[in-house]
Amino acid sequence: MYLITLLGNLLIVVLIGLDSHLHTPMYFFLSNLSFSDLCFSSVTIPKLLQNMQSQVPAIPYEGCLTQMYFFLLFADLESFLLVAMAYDRYVAICFPLHYSSLMSPKLCVGLVVLSWVLTTIISLLHTLLMARLSFCTDNVIPHFFCDMSALLKLACSDIQINEVMIFILGEIVIIIPFLSIFSSYARIVSSILKVPSARGIRKAFSTCSSHFAVVSLFYGTIIGLYLCPSTNNSTVKETAMAVMYTVVTPMLNPFIYSLRNQDIKGALARVFSKHIIHFSLQQ
């Protein structure tokens, strides 16, 4: 699964970079999402695979905080990028005549830069709050990575500030983006229903439903784990939920957003044919 995630997202980033036909706002956001997914998976899975091969799986305290920081960074970045992509589709479908002026290159770059700045600050704040806590000796993390909720369960000091900040920042990173995406798709569907073309409606609904299914999987599991945690949740259940948004979602994104797309297929054909011709001429 990790190899599929790695190759799928890397392929999208390379294709969008090489093919000038894909230098549009939608694919600009998509390349950033693929890069984020690639890094997001690489923060946890390689260490998991290493621990599976080790007789005594372990991670140092500093390494654990570092992993948590980058995990939060790329998870939050993905959340903001999904909002930018939903807004882009909303403008493209609902305001097609004003798309070029509304989605200017300056705005697109600004949205991505803002996403990076916000996620850097938020993940750093969570990490610093975690670093101030004291932990009991010989801790065993009941998880496959240094998850924030799992670490808080092992803390010996007061975690009230951490929990408050998780709730407050969770509203910014999870709830507001999810509601924004839901609102964008609702308006897209409303706009589509006004179009008399049955074929267009089917195609648009197929695209929107698959996109929203992945978005719901990503946000739903995160909300269940961090914002609405249940005392009845077992370690196995929490781990399974974490796998859904850390492993499954990054693996599905290239297929949902890109590899079914005719533009991506066309770009793949052009890049391969260009390199084959170049190779033939060198021979």
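The model is a predicted one, in which local features need pLDDT of at least 70 and side-chain atom pairs count only at pLDDT 80 or more, while totals for chains, interfaces and linings use all residues. Residues are numbered from 1 along each chain as its sequence is written, and side-chain values use heavy atoms, with hydrogens and water left out.

Let's start with the overall fold. The protein chain has 10 helices and zero strands; here helices (H or I, at least four residues) and strands (E, at least two) are DSSP runs, numbered from the N terminus. Of the 283 residues in the protein chain, 44% are buried, meaning under 20% relative accessible area, with exposed being over 50% and partly exposed in between (1.4 Å probe, protein chains only). Among contacts (heavy atoms within 4.5 Å) between residues at least 6 apart in sequence, 77% join residues at least 24 apart.

Next comes a helix pair. Helix 2 (residues 25–53) packs with helix 3 (residues 61–94) at an angle of about 155 degrees, and their axes are 9 Å apart. These axes are lines fitted to C-alpha atoms, for helices over the stretch in contact, and angles run from 0 to 180 degrees between N-to-C directions. That angle makes helix 2 roughly antiparallel to helix 3 (angles under 35 degrees count as roughly parallel, over 145 as roughly antiparallel, 65 to 115 as roughly perpendicular and the rest as oblique). By class, the contact of helix 2 with helix 3 has 17 nonpolar, four polar and five charged residues. Ala, Val, Leu, Ile, Met, Phe, Trp, Tyr, Cys and Pro count as nonpolar, Asp, Glu, Lys and Arg as charged, and the others, Gly among them, as polar.

Helix 5 (residues 105–131) has 27 residues and reaches 39 Å from its first C-alpha to its last, close to the 39 Å expected at 1.5 Å a residue; the expected span is 1.5 Å times one less than the number of residues. Its buried residues include Cys-108, Ser-115, His-126 and Met-130. Among the elements covering the buried residues of helix 5 are helix 2, helix 3, helix 6 (148–154) and helix 7.

| Residue | Relative accessibility | Class |
|---|---|---|
| Ser-184 | 11% | buried |
| Ile-176 | 49% | partly exposed |

Ser-184 lies in helix 7 (residues 160–193) and touches Ala-86, Tyr-87 and Tyr-90, not counting residues up to four places away in sequence. Ile-176, also in helix 7, is 96 residues from Phe-80 in sequence and 9.8 Å from Phe-80 in space, C-alpha to C-alpha.
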